[in-house]
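Here are a few notes to go with the model. Have it open while you read.

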Amino acid sequence: MIGLVKPVLFQVAGYQNSGKTTLSLKLIQQLAAKGLKVATVKHHGHGGRPEIVEEKDSDKHVKAGAAVSLVEGGGRMVIHAENDKWSLSEEIDMLSFFKPDVILIEGYKNEPYPKAVILRDESDLELVGKLHNIKVILCRNSELANVLKDSSLPVLDINEGVSWIIEYITGTQ
């Protein structure tokens with residue numbers, strides 16, 4: 001196993017439909033293939049609450065007033081918890097119980113953790129000036145790389161970004 005300061009936190013940021021989930025899935029697969037235990041936090045940015053299976057016992061427990069309900073079966077654990085609003089730090093604290101090597105954060109773009117920012121087109125360039133702790137800029141449009149050629153940050157095609165992020169996370173960057 002790679003000697004990491006545990007857990008390593010890394011964000012994948014960008015506007016909706018920029019490719020955050022696709023990139024996150026590739027990172028999870030490659031990190032897991034290296035033997036790392038990966039936990040993820042995803043911000044549900046589509047408005048409202050994430051979908052859950054209604055009318056199952058855990059849902060009934062929460063609707064009856066339980067703050068949290070845990071269901072386990074066949075090695076799978078599902079946690080259903082309700083709160084007015086969860087902070088990212090509370091979510092990270094919860095995931096820390098599982099002792100991950102890496103916590104990959106999808107979304108929460110304004111949080112201060114090291115991050116890759118994905119740009120779809122020139123209208124997304126504002127993110128480079130707004131976000132903090134950007135480690136790499138990933139472009140879905142090859143012409144954006146020319147616009148950002150004077151950046152002090154690495155600017156890569158989104159497909160090249162996976163290897164860069166893996167190296168960054170594992171400390172070989």
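1. Exposure first: buried means under 20% relative accessible area, exposed over 50%, and partly exposed in between (1.4 Å probe, protein chains only). This is a predicted model, where local features need pLDDT of at least 70, side-chain atom pairs count only at pLDDT 80 or more, and totals for chains, interfaces and linings use all residues. Residues are numbered from 1 along each chain as its sequence is written, and side-chain values use heavy atoms, leaving out hydrogens and water.

2. Now the aromatics. Rings of Phe, Tyr and Trp (its six-membered ring) pair if their centres lie within 6.5 Å; planes under 30 degrees apart are stacked, over 60 edge-to-face, and the rest tilted. Searching the whole structure turns up three aromatic pairs. One of them is Phe97 with Phe98, edge-to-face at 5.2 Å centre to centre and 85° between the planes. Phe98 is partly exposed because its relative accessibility is 33%, while Phe97, at 61%, counts as exposed.

3. Trp164 and Tyr168 make a stacked pair, 5.5 Å centre to centre with 10° between the planes. Both sit in helix H6 (residues 158–169), four residues apart, about one turn of the helix. (Helices, H or I with at least four residues, and strands, E with at least two, are DSSP runs numbered from the N terminus.) Trp164 is buried at 13% relative accessible area, and Tyr168 is partly exposed at 25%. Together with Phe10, Trp164 and Tyr168 form one aromatic cluster.
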